[in-house]
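Morning, everyone. Let me put the model up, and then we will walk through a few strands, a helix and some charged pairs.

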Amino acid sequence: MDLTERHDLRTGTPVWAGHAAPPPADPLPDRAEIAIVGAGIMGAMLADRLSRTGHDVVLVDRRPPAAGSTAASTALVMWEMDVPLTHLARTVGVDQAGASWRRVYDAVQRLHPKVASVDRAVPRAPTVYLAGDLLDAEGLRAEGQARRRAGLPSEFLDARVVADRFGIAPRAALVSDGGYAVDPVTLTCGLLARARSNGARLCWPVDALRLDGRAIVTDQGRLAADRIILAGGYERARAFLPQAFSLLSSYAIATAPGAAPCWREDAMLWEASDPYLYCRTDADGRIIAGGEDEDLATPETARDRRIGEKAGTIAAKLARMIGVDDLRIDRRWAATFGASPDGLPAIGRARNHEGLWLASGFGGNGVSFAALAAELFAAEFAGTPDPLAAAFDPYRFE
């Protein structure tokens, strides 16, 4: 069995592809303290944090850095999960649900100055979570109360207030502070460059084929390591990652530059629906929207045939949401995407292989979960495990 699955992770014309040149490749060494498989946003965040705290880090990737799922991300950096807090509380209890969400919130807030240090200024923006078939207005009101009890900054607004404040079609919503949006390719390449300046080595294209004890067998040689972290995004390590973490197909569109603003405060809009629509703007004035997720991860050819249809659906829903008659689509793309039953990632030690760790950001918040994984692993490897690490354990559903 291959170490990880192999997928055509994205098709179409994402906004971010080519935004930043990847750092140069380093020769593959024989040994490292920490070897990371994957040089997307997850691997970059881990390498930046761990190299900065003195660890000897080597990353390997069969693709150029940031060329897989990262380039297809719409990169809304949010602390809110796809599974509502009130729904999670029914499964794990109110206290644990609130603590898990708060832990993600804290990681997102600490990430913001680090983003600004490698990318252009990234202003914070409110998130507007609109009533839908998952949570209606009363459900949103209860969700807001649960969030505030957990110390999270969310406020319920009725439909008229939402329309007046944000200039969109009237719908009740939860408005939350503490989010922002990034350019995922520029951020990833910047983090990798900084990690290299701290001594990390970045080896690509190097195909990690299998494990041999505490070593990775690649197409260019054997890399031994004290710890191995699998951070391969949505190319799952099926021998280690439980089946509860599933793959979906997701779709996105972008307008030409200069189309924004079409609503106020550069808010990030999304729906409490399944499937849901979400949208953001970027520094060039594009409107970027996505959604229409479906259980169609393979074959990718079937996913790709639906790009035109899905793009049209997203554009029509977006036009109704923001009250615009004509939206001209400049870019459209599809990507493989990962989900989990509770909306939280798989971060922790593999049970069935000594020295192996999993960093799988399955859920709607890939950048946020990468920041969380960097904090959890830095604490674990320093001998001071995070008290909330078990909430993100890959085997929590078993």
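First, a term: helices (H or I, at least four residues) and strands (E, at least two) are DSSP runs, numbered from the N terminus. This is a predicted model, where local features need pLDDT of at least 70, side-chain atom pairs count only at pLDDT 80 or more, and totals for chains, interfaces and linings use all residues. Residues are numbered from 1 along each chain as its sequence is written, and side-chain values use heavy atoms, with hydrogens and water left out.

Start with strand β2, residues 31-37. Buried here means under 20% relative accessible area, exposed over 50%, partly exposed in between (1.4 Å probe, protein chains only). In β2, 5 of the 7 residues are buried, so the strand is largely enclosed by the rest of the structure.

Now its partners. Two strands pair if DSSP finds at least two bridges between them. β2 and β11 (residues 221-230) run parallel, joined by 6 bridges. There, A35 stands opposite I228. β2 also runs parallel to β3 (residues 57-60), with 4 bridges. I34 faces V57 across that pairing, standing opposite it. From β2 the chain passes through helix α1 (residues 41-52) to β3, a right-handed β-α-β crossover. Right-handed means that, with the strands pointing away from the viewer, the path from the first strand over the helix to the second runs clockwise.

Next, charged pairs. A salt bridge is a side-chain nitrogen of Lys or Arg within 4 Å of a carboxyl oxygen of Asp or Glu. How many salt bridges does this rule count? The count is 35.

Take R141 and E138. Their closest N and O atoms are 3.6 Å apart. Both sit in helix α5 (residues 137-149), 3 residues apart, about one turn of the helix. R141 is partly exposed, at 36% relative accessible area.

Then E271 and R171, with closest N and O atoms 3.0 Å apart. E271 lies in strand β13 (residues 268-271) and R171 in the loop between α6 (159-166) and β7 (173-181), so the pair ties together parts 100 residues apart in sequence. E271 is buried at 10%; R171 is partly exposed at 24%.

Last pair: R286 and D330 form a salt bridge at 2.8 Å, N to O. R286 is in the loop between β14 (277-281) and β15 (287-294), D330 in strand β16 (residues 329-339), 44 residues apart. Is R286 buried or exposed? Buried, at 7% relative accessibility. D330 is partly exposed, at 38%.
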